Amino acid sequence: MIEHLSLPAPLEVPDRATVLRRATSDDLGAIVRLLADDPVSAGRGDTAATDDVGAYASALDEVIRDPGNDLLVAVDADGSVVATLQLTRIPGMARRGSTRLLVEAVRVASSRRSLGIGGGLMRWVVDRAAPELGASLVQLTSDAARVDAHRFYRRLGFVDSHVGFKYRLPTAD
């Protein structure tokens with residue numbers, strides 16, 4: 001299960017002491033700011049609006065309590081949250097019973113991009129988390145608008161092998 005991951009863990013980030021740890025409710029504001037700091041997320045409604053705090057708090061609590069999920073944050077030497085990502089362990093029947101590790105909502109603070117933090121996060125996922133969780137495949141989805149992110153993932157060895165589909169359900173607002 002995901003709770004068995006060896007955390008906190010140092011990230012391999014050039015010239016920066018950065019540690020990856022599990023998110024707590026105390027990290028809620030920082031995580032929401034990271035989501036809002038991203039233009040694609042902001043365009044979907046992640047604007048860090050005060051009215052949304054309850055929804056985010058509820059979602060964070062649900063992720064933290066789910067044994068197949070984990071929300072992680074990367075913190076720098078002064079304790080500031082500089083990045084986040086969510087991991088979901090998916091046991092499956094396909095690929096001869098393979099377990100997949102799904103990476104979602106990877107965000108690095110705009111002021112810290114291109115400093116190696118994203119690469120450090122993803123290397124940790126591939127080199128440490130996936131083997132510890134018995135996963136034979138690491139997968140992620142990336143919005144079609146994230147052209148720079150696609151280049152980044154390809155440089156790390158990820159292959160854009162599938163076409164994704166979504167069906168948005170009407171919500172009661």
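Reader: Why does F158 count as buried?
Author: F158 has 17% relative accessibility, so it counts as buried; the cut-offs are under 20% relative accessible area for buried, over 50% for exposed and partly exposed in between, with a 1.4 Å probe and protein chains only. Before going on: this is a predicted model, in which local features need pLDDT of at least 70, side-chain atom pairs count only at pLDDT 80 or more, and totals for chains, interfaces and linings use all residues. Residues are numbered from 1 along each chain as its sequence is written, and side-chain values use heavy atoms, leaving out hydrogens and water.

Reader: What makes Y153 buried or exposed?
Author: Y153 is at 12% relative accessibility and therefore counts as buried.

Reader: And what makes Y153 and F158 an aromatic pair, and of which kind?
Author: Rings of Phe, Tyr and Trp (its six-membered ring) pair if their centres lie within 6.5 Å; planes under 30 degrees apart are stacked, over 60 edge-to-face and the rest tilted. Y153 and F158 are 5.9 Å apart centre to centre with 70 degrees between the planes, an edge-to-face pair. Ring pairs also link F152 with Y153 and F158 into a cluster.

Reader: Why is G79 called partly exposed?
Author: G79 has a relative accessibility of 45%, so it counts as partly exposed. G79 sits in the loop between strand 3 (69–75) and strand 4 (81–91); helices (H or I, at least four residues) and strands (E, at least two) are DSSP runs, numbered from the N terminus.

Reader: How do you know that helix 1 is roughly perpendicular to helix 3?
Author: The axes of helix 1 (residues 28–36) and helix 3 (residues 53–65) come within 11 Å and cross at roughly 110 degrees. That makes the two helices roughly perpendicular, because the classes are under 35 degrees for roughly parallel, over 145 for roughly antiparallel, 65 to 115 for roughly perpendicular and oblique for the rest. Here L28, V32 and L35 in helix 1 meet V53, Y56, A57 and L60 in helix 3, where contact means heavy atoms within 4.5 Å. The residues of this contact divide into seven nonpolar, no polar and no charged.

Reader: What makes strand 1 and strand 6 edge strands?
Author: The open sheet has six strands in the order 1-2-3-4-5-6, with mixed pairing. Strand 1 (9–10) and strand 6 (137–140) each have a single partner strand, so one side of each lacks a neighbour in the sheet.

Reader: How do you know that strand 4 and strand 5 pair?
Author: Pairing takes at least two DSSP bridges between two strands; strand 4 and strand 5 (residues 99–108) have eight, in the antiparallel sense.

Methods
Axes are lines fitted to C-alpha atoms, for helices over the stretch in contact, and angles run from 0 to 180 degrees between N-to-C directions. Ala, Val, Leu, Ile, Met, Phe, Trp, Tyr, Cys and Pro count as nonpolar, Asp, Glu, Lys and Arg as charged, and the others, Gly among them, as polar.
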